[in-house]
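Hello! Here are my notes to read alongside the model. Please keep the 3D view open and look up each residue as we reach it.

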Amino acid sequence: MEEQHPGGPSHWWRYGPPWWNRPDDPEAHRARLPWRSTVLITAVVLIGSTFAAHGQQDRVPLDGSGRVLLLAASLLLLWRNRHPVPVAFGTAAAALVYLALGFPYGPVFLTVAIGCFSAVVAGHRRAAWAAVGLLWAGHLLVALWLFRRLPPAGDRGAGLGQEIVIATWVLAVVALAELARVRHEQWVRERADRAEAARRRADEERLRIARELHDVLAHSISVINVQASMGLALLDSDPEQARAALTTIKSASKEALGEVRQVLGTLRAPGAAPRAPAPGLDRLPELVEQAAAAGLTVETEGEPPRLPPGADLAAFRILQEALTNVVRHSGSRHARVRFGYGDGVLRLRIDDDGPATGADAGGSGNGLAGMRERAAALGGTIEAGRRPDGGFRVLAVLPSDLREDQ
């Protein structure tokens, strides 16, 4: 609900009030001068001090010198983002001089509070504490000892109760500034975590789409390549066989286009349900038929189990890629597929008798990497390598009892 109602009380407490400036670029934030808030603070300090002077007849009347000090303390806040430490000490010094000259008490402390608040939030905690501590120590010195030598004439020393009130005010300023700093740091961390999570999701989605496109295109284009070579070789000597090869090319290209459209559809409508069901092991006969069209005989052992959609798609793509690698990289025209299922684990094994037809036997690397990524996403493993007799084996172990939402 916080994301839907960014102005609610919970959002205010967690991330700060709406006027709290949280830019994406901290350098740009420091480069800007907070004119509006500074003008408002200056007006509050000048007007509030003028009204407060009417009730403090025993203090020095607020004249031009006093207003200059109030104005200087307020205008220093223009640079609180760029130079928080000098501003914190500057506002504290201006307030101390103002009080030492005997001018009336009033909202002059507001400038000190905001200056130290900005320094704490910017990470200069010790400087802010030092500025507030020096102001309080200076006031204590004036109120308990120097009051006899400073205006107004006949001033009396401050009581213990007044100093306790001032000390409480100092502690309140420090506490509020620390709370704001903690909240600000929490917000920065959460924003960085959200950005990192978004980048991670984007990378995972990019890899998923790349795997899907690779598996679809590698398999279909391999079939098309084999059939095109066969058709060219038989075009003159056996036109009927060449026609059959062209028919297979048409069927494989149509299927590839359909699956590519399905993958690209997820990009056009993110979050929408796919228009066609994802392929699974129920399309094993179709996969065997396509391999046969490419000249590869596939022998199956065992029945493919019913799997959750994620595991079903991963098993189908792994089997498809393994058979594609046999067509492309093996001299064998025979492959064996074995399904084993037990204890909630699917064991899928694909063997061919070889020999390899190139240095990249078993695949160029992208296909095997894609199979491993699919298996790892489900908590499974892929073992692929040459057999002692010269063939090649792919063994996939996939947990198949995952819940649908996983």
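**Notes on the predicted model**

1. Let us begin with the surface. The protein exposes about 22700 Å², and carbon and sulfur atoms supply 61% of that area. Accessible areas come from the Shrake-Rupley method with a 1.4 Å probe, and for residues only the protein chains shown count as cover.

2. A word on the source. This is a predicted model, in which local features need pLDDT of at least 70 and side-chain atom pairs count only at pLDDT 80 or more, while totals for chains, interfaces and linings use all residues. Residues are numbered from 1 along each chain as its sequence is written, and side-chain values use heavy atoms, with hydrogens and water left out.

3. Now the overall picture. The protein has 12 helices and five strands; these are DSSP runs numbered from the N terminus (helices: H or I, at least four residues; strands: E, at least two). Of its 406 residues, 40% count as buried. Buried means under 20% relative accessible area, exposed means over 50%, and partly exposed lies in between (1.4 Å probe, protein chains only).

4. Is His-139 buried or exposed? His-139 counts as buried, because its relative accessibility is 4%. You will find His-139 in helix H7, which covers residues 125-144. Leaving aside residues up to four places away in sequence, His-139 touches Leu-96, Leu-99, Tyr-105, Gln-162, Glu-163 and Ile-166. Contact here means heavy atoms within 4.5 Å.

5. Next, look at Val-44 in helix H3 (residues 35-54). Val-44 has a relative accessible area of 39%, so Val-44 is partly exposed.

6. How do H3 and H6 lie relative to each other? H3 packs against helix H6 (residues 108-121) at an angle of about 150°, with the axes 8 Å apart. The two helices are therefore roughly antiparallel to each other (angles under 35 degrees count as roughly parallel, over 145 as roughly antiparallel, 65 to 115 as roughly perpendicular and the rest as oblique). Axes are lines fitted to C-alpha atoms, for helices over the stretch in contact, and angles run from 0 to 180 degrees between N-to-C directions. Among the residues making this contact are Val-44 of H3 and Leu-110 of H6.

7. Finally, visit Val-397 in strand E5 (residues 392-399). Val-397 is partly exposed because its relative accessible area is 24%. Val-397 and Thr-381 are 16 residues apart in sequence and 5.3 Å apart in space, C-alpha to C-alpha.
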